[in-house]
Amino acid sequence: MNYDEAVAWLYASQLHGIKLGLENVRRLAGALEIRLSGSGMPKFIHVAGTNGKGSVCAMVDSCCRAAGLRSGLFTSPHLLTFRERIRIDGEMIGEAEVAAGLTRIRELIAGWEQPATFFEIVTALALEWFQREGVEVVALETGLGGRLDATNIVTPAACAFTSIDLDHQESLGASLTEIAREKAGIIKPGVAVVSIPQSKEVHTAIAEIAGKQGVAIEFLTEPLREFEIGIIGSHQQWNAALACRAMALAGLPVSKDALTAGLRDLSWPGRFHQIHPRFIIDGAHNPAAAHRLASTWREVYGDKRATLILGILRDKDVRGICEALLPIAGRILAVPVSNPRSATSQEICKAIGQIAPRQECIAVRDLGAAIRIAESMERRALITGSLFLAGEAIAHFESRTPPERSAQ
């Protein structure tokens, strides 16, 4: 297969849905001869949580590269191209490597009674490439949950937990306690664990799992204020503290100068991303992230309101996201996301009307039309509600090819 054929086959694997469990990915790792223990393994920093996982992984990767370490980065979802998910030393995996790797995997799994899922295939592709290229450290973001997530086949040098909130309840459980227990499933005996401060229920749940594994979990008490951070928002100081502590617990040789350079030079698009003097893009896609986004907006712009361009997936908490963002909204332009799971612009306006009947909300046919409307207004515009919408917006402003489609 060439690259286009390979990613088309990969995206077609999404028809198998999301299947939590480790049997398939372990079988695939064995077929690819991926070493999961022993000498010569990279040091993995395994990051779980609801929001901020990608930012923490990007921080770890940036600081390790600044320290001269050969660093792998595994994150999801992508904004524009599938290749963003898998990087070494800041460079995306090449099209030829994706094509060759996926061709091999397709041949290996042909005829499996239980088909491999999209994320199992992607995880195996990344781990095999990291091994072949001899990386020294990998910042590894979980996909969904932790305990049964495909990334949980590795034994990391350290585990890190970002903020844990309600999201993906259909897969992880209805309560914070249930969700936290699933995410805490990445904790393993003998592996150092660190977390940012959590709610009482989450703190108790992950501490309980750590205790069962014979591990003492460390909860941070202070954000990292002494360094300039390349992405905006006071909550990023907590993420930076988490990334730095995880690197230290993993025994990585990252100096203060490397931390300074890595955090300062960090680039992580789609997170309070000022792509134009009057347009900000943020991928907040659950109520907790939306509340954090509203706080960051106030930190930067005070009481000024935003023209809100809002697109949300139907299977997310549409009402909760809208409630969190209403306090910073002037006019709202609701748009569909280019994703089969998208809520319609009318559905978003209906949710807004139920919460705040006097709030102006206009149903717009697509993102491009909403941007043109916002350009005619005086206020700054905030494009948010979905990472998929964030990718569309980046492609629009940078006049790039629309994002490669993926539901995961």
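These notes cover the fold and a few backbone features of a predicted model.

1. Local features here need pLDDT of at least 70 and side-chain atom pairs count only at pLDDT 80 or more, while totals for chains, interfaces and linings use all residues. Residues are numbered from 1 along each chain as its sequence is written, and side-chain values use heavy atoms, with hydrogens and water left out.

2. The protein has 15 helices and 14 strands, taken as DSSP runs (H or I, at least four residues; E, at least two) numbered from the N terminus. The radius of gyration is 21 Å, close to the 22 Å that the globule rule gives for 408 residues, so the protein is as compact as a globular protein of that length. That radius is taken over C-alpha atoms, and the rule is 2.2 Å times the number of residues to the power 0.38.

3. Of the 408 residues, 58% are buried (under 20% relative accessible area; exposed is over 50%, partly exposed in between; 1.4 Å probe, protein chains only). Among contacts (heavy atoms within 4.5 Å) with a separation of 6 or more, 76% come from residues 24 or more positions apart.

4. Ser-76 and Pro-77 are joined by a cis peptide bond, with omega about -10°. Pro-77 sits in the loop between β2 (71-74) and β3 (86-88).

5. Glu-33, a non-glycine residue, has a positive phi near 60°. Glu-33 lies in the loop between α2 (23-31) and β1 (43-48) and is exposed, at 61% relative accessible area.

6. Phe-272 also has a positive phi, near 40°, in the loop between α10 (256-264) and β9 (273-276). Phe-272 is buried, at 5% relative accessible area.
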